[in-house]
Amino acid sequence: MIPPKREMILCPAGSWQAVCYDIWNIGLQESNVKGKTIILPKVIVAWELAEKIEKGQRTGERYRVNRRYTFSYNKKAWLRIDVESWLGRPLTERERTDFDVETLIGKNCFLSIIHKEVDERTFANVQTVMSLPKGMPLITTSLKREVPDWVKELQESSVKSEIIESEED
């Protein structure tokens, strides 16, 4: 029996308290940078908001949102910029080479979410990640760590997977 498709829920725009519930390595992915296709390591950071869904088949569940990053701590890399904003401090020299991004799982933050329309579809994009004000009560995730099917598809489509398959032919 095929399970029913989950209803896609658009996360509301605004600033929201959230907790990181998982981070997925999706391997080497093709990216378009200034008109050139290059291969870069990518990760997806996923958050669960404190705000709950009020209508539909997922009523009572919390909103979820994620952002795809190039896995880099270069000073111009969005992952580094967001991690430093989230931590409320710059990464140390050592952290810039070996920071374990998975230590962010379970950590709270504020997310600034904007809506962007592409091809007549509206997407909720994480614009900014910020640390919480001191003394603000923390939330915990209600979700188990697991890799969703759409992430598995990205992992399987990674350039590394394509290289391994071609070597087996």
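A residue counts as buried when its relative accessible area is under 20%, as exposed when that area is over 50%, and as partly exposed in between, with a 1.4 Å probe and protein chains only. By this definition aspartate 22, at 2% relative accessibility, is buried. The model is a predicted one, in which local features need pLDDT of at least 70 and side-chain atom pairs count only at pLDDT 80 or more, while totals for chains, interfaces and linings use all residues. Residues are numbered from 1 along each chain as its sequence is written, and side-chain values use heavy atoms, with hydrogens and water left out.

**Salt bridges**

A salt bridge is a side-chain nitrogen of Lys or Arg within 4 Å of a carboxyl oxygen of Asp or Glu, and a search of the whole structure finds nine of them. Three of these are listed here.

| Salt bridge | Closest N and O atoms |
|---|---|
| Arginine 145 and aspartate 22 | 2.9 Å |
| Glutamate 61 and arginine 64 | 3.4 Å |
| Glutamate 102 and arginine 145 | 3.6 Å |

Asp22, Glu102 and Arg145 are linked in a network of salt bridges. Helices (H or I, at least four residues) and strands (E, at least two) are DSSP runs, numbered from the N terminus. Glutamate 102 lies in the loop between H2 and E4, whereas arginine 145 lies in the loop between E5 and H3, 43 residues apart. Arginine 145 counts as partly exposed at 48% relative accessibility, and glutamate 102 is likewise partly exposed, at 39%.

**A buried lysine**

Lysine 42, found in strand E2 (residues 36-52), is buried yet has no salt bridge, and the nearest side chain of opposite charge, glutamate 30, is 12 Å away.

**Aromatic pairs and cores**

Rings of Phe, Tyr and Trp (its six-membered ring) pair if their centres lie within 6.5 Å, and planes under 30 degrees apart count as stacked, over 60 as edge-to-face and the rest as tilted. The structure holds five aromatic pairs. Among them, tyrosine 21 and tryptophan 24 have ring centres 6.1 Å apart and planes at 80 degrees, so the pair is edge-to-face. Both tyrosine 21 and tryptophan 24 are buried, and Tyr21, Trp24 and Trp150 form one aromatic cluster.

A nonpolar core is a set of buried Ala, Val, Leu, Ile, Met, Phe, Trp, Tyr and Cys residues joined through side-chain atoms within 4.5 Å. The largest such core has 27 residues, and those with the most contacts inside it are Trp47, Leu49, Val65, Trp86, Leu111, Ile113 and Val129. Two or more residues of this core come from each of strand E1 (14-33), E2, E3, H1, E4 and strand E5 (121-130). A second, separate core of seven residues includes Trp24, Ile44, Ala46 and Val151.

How values were computed. Lys and Arg count as positive and Asp and Glu as negative; His and the chain ends are not counted.
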